[in-house]
Amino acid sequence: MDAGGKAAAKNKATFVDMDPPQHMQQRGMVEPFFSREHIDSMRPHIQSTVDSLLDAMIKAGGEKPVDLVEKFSLLVPSYIIYGILGVPFNDLEYLTQCNAIRSNGSATATEAAGANKELLDYIGNLVDQRREKPEDDLISKLVVEQLIPGHIEKSDAVQMAFLLLVAGNATMVNMINLGVVTLLQHPEQLKDLKGDPSLAKAFVEELCRFHTASALATRRVAKVDIVLGSTKIKAGEGIIASNQSGNRDEEVFPNPDTFDMHRKRGSEQALGYGYGSHRCVAEWLARAELEIVFGTLFQKVPTLRLAMPMSEIKYSKPSQNVGITELHVVF
C-alpha cells in the first residue's frame, strides 16, 4: 500500500474489511444511496456537474497545456460524492486538495497521514453538525437511523463516510485519464464515439475490462484449506485475487489484449468492480459518471489531444492502482 493506504489502515475497520454478518450490516446502511434506481435519478445532476466543469475548462482556454487531472478528472468524482455525503459546496476545494494528497503515490507518509487526519476530523465535525441539524444526505441518514438509536458509534459513522469519500475517488480519476488516453490510442473508435455518444456505455464496459484500476485491491486470507485449479491454498495463507488477470482471460474474452468497444458481449462479466458480496457498493455511480464523462467530453472538446508524446505519460507504479497521475492536454 502507498502512504495514504497505510495511514488509513490504522483507522477503525469499515465494511470492506469485514466478514459476514458485520459486512452486510454496515454495507446495508449505505447501499440505498447507491442503488441503480437512485443513481439513475442522479444522472441529470452528474451531467450538469460534468457540463459546468468542462465549460469552465473551455472558457479558461486550451491553447497552452492544461492538466486534465487538476481541471476535470479529479473534480468530477469528488464533487459528486461530496454532494451525496452532504459536504457544503464551499468546502469542496479544500477537501479535494486533502484527498489528492492522501491518494497521490508521491506523497510522503507524513503528508498522507496529515491529509488523512484532516479528512477524518472534518467528517467528525460534519457528523456532529448533522446530529444537531439533519439534512437530506448520507451522513444525516447514518446519524438519524444508526447513530442516534445506538446501532453504531460515532467512529463507525465517520469511518463509513471516510471510506465512501476516498475509496472510489482515486480509481475514478484514474479511469477517466486512462479512458482519454485509450481513445486517443484508438482514433477509429474515438471517431465512432464522437459520431454516436450513446456508445459511451459500451466504451465504459470495455474500459473497465481492459484497465482494472483497483488492480491489487482483492487481498484475502483463506479461512479454510481450499483447492483452486491445481493449487492448494492453506488456511491462514494470504493471496491476491488478480482481477486484471481475469479480465484478460482468453477463454472468456477472445483477443483479450485488444481494446474493442464494439466487442460482442454475452452473459460474461468483467471483474472491474470485483465479484460476490464485496462487489463495489458504488458500481452504478461509477458507471454513470464514466458514461456521462465519455458521452460528453469529446462532444464539448472534440479537438482534445495530448500535449506530450504517449511515451512521456506518467503512469503509477506497478505495485499501486493502475492510473495516470497527471495528463497534460491541449484543445
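I began with the lining of the second largest cavity: eight nonpolar residues, no polar and no charged. Here Ala, Val, Leu, Ile, Met, Phe, Trp, Tyr, Cys and Pro count as nonpolar, Asp, Glu, Lys and Arg as charged, and the others, Gly among them, as polar.

I noted that the model is predicted, with pLDDT of at least 70 needed for local features and 80 or more for side-chain atom pairs, while totals for chains, interfaces and linings use all residues. Residues are numbered from 1 along each chain, and side-chain values use heavy atoms, without hydrogens and water.

I listed the lining of this second cavity: Leu85, Val87, Leu95, Tyr122, Ile123, Leu126, Ile139 and Leu165. A cavity is a set of points on a 1 Å grid over the protein atoms alone where a 1.4 Å probe fits but cannot get out; lining residues have an atom within 4 Å of a point. Helix α7 (residues 109-132) gives the largest share, three residues. Helices are DSSP runs (H or I, at least four residues), numbered from the N terminus. The volume is about 40 Å³, taken as the space filled by probe spheres set on the points, which are joined across faces, edges and corners.

I then checked the largest cavity, at about 50 Å³. Its lining divides into three nonpolar, two polar and three charged residues. Among them are Glu205, Cys208 and Arg287.

Glu205 and Cys208 of α12 and Arg287 of α14 are among the residues that make the contact (heavy atoms within 4.5 Å). I recorded seven nonpolar, one polar and four charged residues there.

Notes. Helices (H or I, at least four residues) and strands (E, at least two) are DSSP runs, numbered from the N terminus. On a 1 Å grid over the protein atoms alone, a cavity is a set of points where a 1.4 Å probe fits but cannot get out, and a pocket is an open set with protein on both sides within 12 Å along at least five of seven lines; lining residues have an atom within 4 Å of a point.
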